[in-house]
Structures are given as structure tokens and as C-alpha cells.
Amino acid sequence: MIAAGIDCGAKSTKTVILKDGKIIGKGKVLTGFDLDKSINESVAAACRAAGIAEKDIERRGGTGSGKDSIKGAVIINDIKAMARAAHFYSPGARTAVDVGAEEGRAAQIDEQGHPVDFAINEKCAAGAGAFIEAMSRALETPLEEMGPLALKSDNEIPMNAQCAIFAESEVVGLIHANTEKKDISKAIHDAIAGRVVSMVRRVGANEEVVVMGGVAYNPAFIKAMQTQLNIDKVHIPDDPEFGAAVGAAIAAGEQL
Amino acid sequence: MPEDKKEFWRWAESNWKNPDLNWEDANIITVGVDVGSVSSQAVIMGDGKMLAYGNMRTGSESPKSAVNAFNFALDALIDMPEDRMDYCVGTGYGRVNVPFADRPITEIACHARGANFIYGPEVRTVLDVGGQDIKVIQCDEKGKVTNFLMNDKCAAGTGRGMEVLADLLGVSINEVGERSFKVKEEPRAVSSTCVVYAKSEATGLLRKGWTTEEVLASYCRAMAERIYALIERVGVVPRFAVTGGMAKNRGVIDRLMPMVGLERMTTTWDTQIAGAMGAALFGYALCQKGKGRKK
């Protein structure tokens, strides 16, 4: 059985093709103004990668902030998609975390990959990828260099500001005070990890944690999260940003 | 912020001298300095009456900003020597960084006291919207704080949030209020709370064909709703007064007042100096009680 999972997110739209429980193709495009176009392009890209025709897709599952625009798809809510994906990547996982461009989520899951409890932040950039993006502009450092830069620092500088807008002014202040960029970058990652960890703690994190979403690519964020959670078993799947799409494909397949 | 870019958020700095009073006639001269996150003010008072003030943007260092604001106010007076000052109170976010201050007093107390001076003893609820925080303060007829609530963790509804939008839309911050009313129909409020997301939402609305004025109206309404949510939690006791920079923005305040259901009190004073006024008045009260600077 071939199922497609489509995750139409705030920043990018991802599609995963799943054949009998195995990922055979992935496609990602930036979410443009025209959601239909972004969705079609991402599905087409995933089909090309999988070497199948679009008509071969038997089930479609749609998730993400733009899920209502995905035609012909079963709507899978974000928490369910994230929980299924965490279970798929690591059956021992009891906590799933997804940190995207504009939202962060954490869920406690059972042995079957069903969500038991969850917490969402969708209102504030301080706990989402947008925070690091805004800070990379203030620090005049490319986004992908932010994490590696922070890893070079062992210093702890507390950030007073929680809000991304105020934190930007604070970063400018730190630059004026001749603080090294690597130290500022570490402070930024410690701050966002702190916000995500407090959300994770609300649902509980005692055993294995799977972290997904684009922010999971960032090694400094993961390191800071690991330190603050004081937990060894933090599992990052390959291509963590496809997590929700994988979960949507699995959930759509279940409904056959 | 690159210097070559036009700075739409930049509001006018100003200083003023009272033409009816002479500092040489004053017995006790007190100074209040309010170093905020975005703006800094210094007020010079003679026997509890306004002599002069200066209002300017806060720089990257608090102590320097305090000195600059004080010098700006002194410039207005022209000939008063700096050491003529009998007592100085620092307030605001950078209150402990005022190098020449005799003591710091919190901005909550100072704003209530300053609002009492500006608007008179009937003020019972003071809304202060500054660069970085929103305060709702209830006070008695002497300007003494009886209850307050503050939001200082989030830029939504603050002056800084408005500056970010003014910059995004390329509209001078002084024109935001007027232009936000130049719409055929009042649009819905921007749905994002976070300023970072509201920025993306505003860009999206412009792409959809909304006019700049409609986006301004939508954003001002969202800010008014955000501020009202805080006011609602404290409750409103008439009469109601607004201080801080946002009091000058009709776009937000005129949308807020129908939600509050009251008329706001009016003044010809610069609403940004309320905190510094309160600080100078506290200094005067301390001197009168003999608790002033030991000579």
C-alpha cells in the first residue's frame, strides 16, 4: 500500500511517500503564498524521488498549519501525526517533540504511539524556529551557522528577554558590549531550548524523547535541550523536518 | 539596524523650558530621570513645579542615556549649573544606572505620582504603555499606588511593537494613528499575538491587496485588544488616564477607549515624561521632610 503524508507548514511544505511502512520518497518546497501550488509541487517532488506516479498514491494524509488546503486528504491533527512519527522512528519513545518555524509541540505517547497528553506553543516566537531566525539577523550570521557557532562556546550568559523582539535589542546590546558572537549564539540557543524544555516538562519526559521539526537540525539547540532535560536518550531522526509528514502518511494508511 | 535605511520608527526628541518660572527663584530644585528601554526623560522641578524637561531615545548604555537626557533638559534652562540640583531620583528600567541619582524609585510608583500631577487628583486608573511594557495602575487621590499589573515579557501591544510595524510598512510612527483611520471599513484585528508573527501576517495582508492604512488599522486594533485584556484583569475605576508614548497614538487609544467604556482624561503635557515627573516630585517630598541630600 502506498500512502502519502503531506505537511503544509508555515515555512515549508513537506511530502513523504510511504510504501508498506517504508519511506520511499520525500519532497520539500518552501510554502509560498499559493498553498495549492506548494502542495502540488511538494507531492510531485516526492513522487519523482520515489519513482512512482501520483495516481499510485492510495491514501493521503494532510497535516500542518495549512492542512485544510490539502485536497483529497484525510486531515490528521498535528499532535497525532507527531506521535505516530515518533513511534515509527523509535518504538520505545514516550515523548515526542516537534519544533517548527512558528510552532512548538510536545506530546506524551503510549506504547502504540497514541498521544496521551500534549502541549502546544503557537502564539509566541520565543519557543519556535522564528526566534533563532530573528536572532541570526541581529547577529548578522547565516541561520545554518548559528548552531555550530554556539557549540564553540562554554560560557553562560543569561538572556533577560523572552520576547524575540526584545531579545533582538538585547543581542544588539551584547554586540555593543563586545561580547563574542559564539557566546551570544550560545545564549540564544540556551534561551529557546529553555522555552521548549518547559513545554516538554509539562507533558513529562522520563524516558526516550524523539525530537522532530526543522529546529532539530540545529546541534546547539539539541545539546542545550539535552543538558536542560538532563536526559541521555534524545533521538533525532534523519531529516527531522519530515516527521509530521511521516506521521500523517502512517495515520492515513491506518484508516484504510 | 543599518544607518543608511530610513528610520520610520524614529519619533521626535524634544526639550522644553517653562517660560513663566525662573530656576533662580526656586528654593529646592529636584530632578527626576526615567531611563526606559526605548526612551529616557529628565525633568527638572523647582519647589514641585515644572521648570524644564528633556525627552530622548535611550542609547545602548543606560548611564550615558541618563546623562544625555539630563543635559538635554539643562540645555533648555540654558544657565542653570548642574550642581544647583538638590536631589535626584532615578526611575524606569535603568533606574539603578543613573550615575547622579540619590536613590531609585520604581516606575510604577513614579507613573502614578506623575499621572496625579499631570491629570489631577481624580485619576484612579493609569494606563502606561511604554517601549517595553504595559502597566495598569490603580491609585488614590494622592497618586499612591493601590494595585497594579504589568506585562513586560512580550512585545505585543507595546511601543516597540508599534515601531517594528512602522518600519515594516514604511510609515512614520507619528502618522500611524491618523492614517489608520483612513479606511472605508474597519478591518478585523491581526490574529497573531506575537509581533514576529504579526509582521508575517501584515506582509501577507499587503500581498492580498490590503492597503497600508487597512493593515495599520488592523494592527492598531489588535494592540488595543491586547492592552484591554490587561486592563480587564485589573479593572477600571474612573477617572482613566493614559501615560507613556502610546498615549500619543490615536490609532490604538481611540480604538481602546470604547472597549474601556470611559472617556480618557486629556492633557497638553508630553505623556512620555510622567515617570520622570513622578520621580522629581518624590525627590521634592523627600527634601521637604528633611530626608534630602546631606549638604
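**Figure 1. Strands β9(A) and β10(A) pair in the parallel sense over two bridges.** Strands here are DSSP runs of E with at least two residues, helices are runs of H or I with at least four residues, and both are numbered from the N terminus. Two strands count as paired if DSSP finds at least two bridges between them. Within this pair, Val210(A) stands opposite His235(A) of β10(A). On another strand, Ala96(A) has Val210(A) of β9(A) as its bridge partner. Strand β9(A) is mostly covered, with four of its five residues buried; a residue is buried if 20 or more other C-beta atoms lie within 10 Å of its own, exposed if 12 or fewer, and partly exposed in between, with C-beta atoms placed from the backbone.

A word on the model before moving on: it is predicted, so local features need pLDDT of at least 70 and side-chain atom pairs count only at pLDDT 80 or more, while totals for chains, interfaces and linings use all residues. Residues are numbered from 1 along each chain as its sequence is written, and chains are lettered from A and ligands numbered from 1 in the order in which they are written.

**Figure 2. An open sheet of five strands in chain A runs in the order β8-β7-β6-β9-β10, with mixed pairing.** As a reminder, strands of a sheet pair through backbone hydrogen bonds, either parallel or antiparallel. At the edges stand β8 (115-121) and β10 (234-235) of chain A, each with a single partner strand, so one side of each is left without a neighbour in the sheet. Further in, β6 (residues 93-99) and β9 (residues 208-212) of chain A pair in the parallel sense over five bridges.

**Figure 3. Lys28(A) sits in strand β3 (residues 22-30) of chain A.** Is this lysine, Lys28(A), buried or exposed? Lys28(A) is buried, with 21 other C-beta atoms within 10 Å. Leaving aside neighbours within four places in sequence, Lys28(A) is in contact with Ser12(A), Lys14(A) and Ser42(A); a contact requires C-beta atoms, placed from the backbone, to lie within 7 Å.

**Figure 4. Chain A is divided into domain 1 (1-90 + 241-256) and domain 2 (93-236).** These bounds come from an automatic or database domain assignment. The domain centres, taken over C-alpha atoms, are separated by 25 Å. Where the two domains of chain A touch, domain 1 gives 17 residues and domain 2 gives 19 residues. On the domain 1 side, α2 (78-89) and α8 (243-254) of chain A each supply at least two residues. The largest share of that side, ten residues, comes from α2(A). By class, the domain 1 side has eight nonpolar, four polar and five charged residues. Here Ala, Val, Leu, Ile, Met, Phe, Trp, Tyr, Cys and Pro count as nonpolar, Asp, Glu, Lys and Arg as charged, and the others, Gly among them, as polar.

**Figure 5. Chain B, too, has a domain assignment, with domain 1 (14-115 + 273-288) and domain 2 (123-264).** Between the centres of these two domains of chain B, taken over C-alpha atoms, lie 27 Å. In chain B, 13 residues of domain 1 are in contact with 18 residues of domain 2. Which helix gives the most to the side of domain 1 of chain B that touches domain 2 of chain B? Helix α2 (residues 107-119) of chain B does, with seven residues. That side of domain 1 of chain B divides into seven nonpolar, five polar and one charged residues.

**Figure 6. Where the chains meet, 14 residues of chain A are in contact with 14 residues of chain B.** On the chain A side, α3 (129-138) and α5 (164-176) each supply at least two residues. The largest share of the chain A side, five residues, comes from α5(A). By class, the side of chain A that touches chain B has nine nonpolar, three polar and two charged residues.
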